[in-house]
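Please examine the structure shown below. The paragraphs that follow lead through it step by step.

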There are 2 protein chains.
Amino acid sequence: MPRSRKDRIIPVAPVDRLMRRTLTTKVDRVSDKGAEKLALILEEVGEQLSKMAVELTEYKGRKTITDKDVELAYKQWRRAF
Amino acid sequence: MPRSRKDRIIPVAPVDRLMRRTLTTKVDRVSDKGAEKLALILEEVGEQLSKMAVELTEYKGRKTITDKDVELAYKQWRRAF
């Protein structure tokens with residue numbers, strides 16, 4: 001089943017604002033679709049990182065995900081490609 | 001200068017919700033710091049991807065970032081590690 005709009009969690013408005021900070025004199029606009037695509041990608045990345053963090057938390061014998069788990073997940077994720 | 005809380009763009013609440021979807025019976029909680037850390041990481045990733053998308057947009061001779069630019073940026077970013 002394709003992902004419906006309802007499943008979307010990360011809001012597009014802040015992602016759009018984040019993109020505007022990277023604009024230049026030559027590239028000075030963000031399309032709606034561009035911001036929506038980045039929001040979806042960040043959600044995908046976030047889900048992957050969170051799953052890795054859960055594994056690390058369990059490995060440590062804890063029940064609560066901490067910033068340390070998320071940090072190590074990100075470090076390992078970057079190395080995975 | 002260290003990044004202040006004001007510079008934060010991606011809100012923590014939706015990131016926290018996204019993380020909760022990945023919880024299990026063994027790992028069943030997300031700490032505030034864990035969600036804040038992931039929000040910061042996603043913001044960092046988003047900024048990097050947006051900068052790459054801007055370069056691709058300029059390379060194409062366009063002034064507006066589209067979903068295609070963001071998609072190719074993500075594909076290339078994943079390959080960069």
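**How two helices meet**

In this predicted model, the axes of helix α3 (residues 67-79) of chain A and helix α2 (residues 32-59) of chain B come within 7 Å and cross at roughly 30°. Axes are lines fitted to C-alpha atoms, for helices over the stretch in contact, with angles from 0 to 180 degrees between N-to-C directions; helices are DSSP runs (H or I, at least four residues) numbered from the N terminus. The crossing therefore makes α3(A) roughly parallel to α2(B), a term for angles under 35 degrees.

On α3(A), the residues in contact (heavy atoms within 4.5 Å) are D67(A), V70(A), E71(A), Y74(A) and R78(A). Their partners on α2(B) include K33(B), L38(B), I41(B) and E44(B). By class, this contact has five nonpolar, two polar and six charged residues. Ala, Val, Leu, Ile, Met, Phe, Trp, Tyr, Cys and Pro count as nonpolar, Asp, Glu, Lys and Arg as charged, and the others, Gly among them, as polar.

Between the whole chains, 51 residues of chain A are in contact with 51 residues of chain B. The chains bury about 4,700 Å² between them, 66% of it on carbon and sulfur atoms; this is the accessible area (1.4 Å probe) lost on being put together, summed over both.

Residues are numbered from 1 along each chain as its sequence is written, and chains are lettered from A in the order in which they are written. Local features need pLDDT of at least 70, side-chain atom pairs count only at pLDDT 80 or more, and totals for chains, interfaces and linings use all residues, while side-chain values use heavy atoms, without hydrogens and water.

Conventions
Angles under 35 degrees count as roughly parallel, over 145 as roughly antiparallel, 65 to 115 as roughly perpendicular and the rest as oblique. Buried area is the accessible area (1.4 Å probe) that two parts lose on being put together, summed over both.
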